[in-house]
Amino acid sequence: MKTSELEKLLSEGGCYFLKHGGEHDTWFCPKTGKKVRIHRHKSKEVPKGTAERILRDAGLK
């Protein structure tokens with residue numbers, strides 16, 4: 001899954017962008033009250049385990 005696809009899933013799930021970091025963007029997921037960090041390279045693939053962890057932390061899986 002590409003970073004842009006992951007961000008789209010987060011957005012559709014009710015999460016929203018908080019801030020830009022050095023290499024990562026921070027998103028907040030109100031469903032779980034957690035913040036998740038996503039690497040900023042939109043066209044690169046996110047490792048499967050990392051993507052699953054982010055979606056689980058966001059309450060989307």
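User: In which strand is the place of Thr26?
Analyst: This is a predicted model in which local features need pLDDT of at least 70 and side-chain atom pairs count only at pLDDT 80 or more, while totals for chains, interfaces and linings use all residues. Residues are numbered from 1 along each chain as its sequence is written, and side-chain values use heavy atoms, with hydrogens and water left out. Helices (H or I, at least four residues) and strands (E, at least two) are DSSP runs, numbered from the N terminus. On that basis the place of Thr26, within residues 24-29, is strand 2.

User: Is Thr26 buried or exposed?
Analyst: The classes rest on relative accessible area, with buried meaning under 20%, exposed over 50% and partly exposed in between, for a 1.4 Å probe and protein chains only. The relative accessible area of Thr26 is 9%, so Thr26 is buried.

User: How many of the six residues of strand 2 are buried?
Analyst: Strand 2 is largely enclosed by the rest of the structure.

User: How many bridges join strand 2 to strand 3?
Analyst: Two strands pair if DSSP finds at least two bridges between them. Strand 1 (residues 16-20) pairs with strand 2 in the antiparallel sense over four bridges, and a hairpin of three residues joins them. Strand 2 and strand 3 (residues 34-39) also run antiparallel, with four residues between the strands in their hairpin, where Gly33 takes a positive phi near 75°. The number of bridges joining strand 2 to strand 3 is six.

User: What is the separation of the C-alpha atoms of Thr26 and Arg37?
Analyst: Contact means heavy atoms within 4.5 Å. Leaving aside neighbours within four places in sequence, Thr26 is in contact with Phe17, Leu18, Lys19, Lys35, Val36 and Arg37. Thr26 and Arg37 are eleven residues apart along the chain, and their C-alpha atoms are separated by 4.5 Å.

User: What is the relative accessible area of Ala58?
Analyst: Ala58 is found in the segment after helix 2 (48-57). Leaving aside neighbours within four places in sequence, Ala58 is in contact with Leu10, Cys15, Cys29, Lys31 and Thr32. The C-alpha atoms of Ala58 and Phe28, 30 residues apart along the chain, are separated by 8.1 Å. Ala58 is buried, and its relative accessible area is 0%.

User: What is the radius of gyration of the protein?
Analyst: The protein has two helices and three strands, which follow the pattern α-β-β-β-α along the sequence. The radius of gyration is taken over C-alpha atoms, and the globule rule is 2.2 Å times the number of residues to the power 0.38. For 61 residues this rule gives 10 Å, and the protein is close to that value, so it is as compact as a globular protein of that length, with a radius of gyration of 10 Å.

User: What percentage of the 61 residues of the protein count as buried?
Analyst: Along its principal axes the C-alpha trace of the protein spans about 25 × 25 × 15 Å. Of the 61 residues of the protein, the share that count as buried is 30%.
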